[in-house]
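Biologist: Please take a close look at a single part of this model and describe how it is built and what surrounds it.

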Amino acid sequence: MKCEFCHKDLIKTMGSLGEPISIPRIGIIHRSCAEQECCEFCGEKVFLNNETKGEAIYIKSVGAGHALCAEQDLVSKHIFSSRTHLKNISIFELYELRELVQLEINHREDANIEPELF
Ligand SMILES: [Zn+2]
Ligand SMILES: [Zn+2]
């Protein structure tokens, strides 16, 4: 098992890089790697400001960022303006958009699932 960020073996490097933690949609990474990772949009630590800036997401073409920062970035590029056609959006922006849409869908689907009682 390897860290998604530094690609070092998680078990062998546990002593120096911290215990492995699991990040949704990113994978398993070292605790210290998580603490070092900065948001590509606001530059703050991506896993430490989750209350105000949304959960960490990983966009292949961009890197790690807060969900809310990524959303604001897209809005500022006018991707959601009615005059924008999908054909005019670069493939990298489409990747970003796909991540955000998927995240929103997951949130809504999770909210709709009633907890099962046994
Ligand atoms: Zn690592
Ligand atoms: Zn951010």
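Modeller: In strand 4, Ala-64 is the bridge partner of Tyr-58. This pair belongs to the antiparallel arrangement of strand 3 (residues 56-59) and strand 4 (residues 63-66), joined by 4 bridges; strands count as paired if DSSP finds at least two bridges between them. The two strands form a hairpin, with 3 residues between them. The model is predicted, so local features need pLDDT of at least 70 and side-chain atom pairs count only at pLDDT 80 or more, while totals for chains, interfaces and linings use all residues. Residues are numbered from 1 along each chain as its sequence is written, and chains are lettered from A and ligands numbered from 1 in the order in which they are written.

The protein chain holds 5 helices and 4 strands, which are DSSP runs numbered from the N terminus (helices H or I, at least four residues; strands E, at least two). Their order from the N terminus is α-β-β-α-α-β-β-α-α.

Strand 3 also meets helix 5: the buried residues of this helix pack against strand 3 and helix 4 (67-76). These buried residues are Glu-96, Glu-99 and Leu-100 (buried: 20 or more other C-beta atoms within 10 Å of the residue's own, placed from the backbone; exposed: 12 or fewer). Seen down the axis of helix 5, they fall within an arc of 90°, so they line one face of the helix; the arc is that of the directions from the helix axis to the C-beta atoms. On the other side of helix 5, the exposed residues include Ile-91, Arg-98, Val-101 and Ile-105.

Notes: Two residues are in contact if their C-beta atoms, placed from the backbone, lie within 7 Å.
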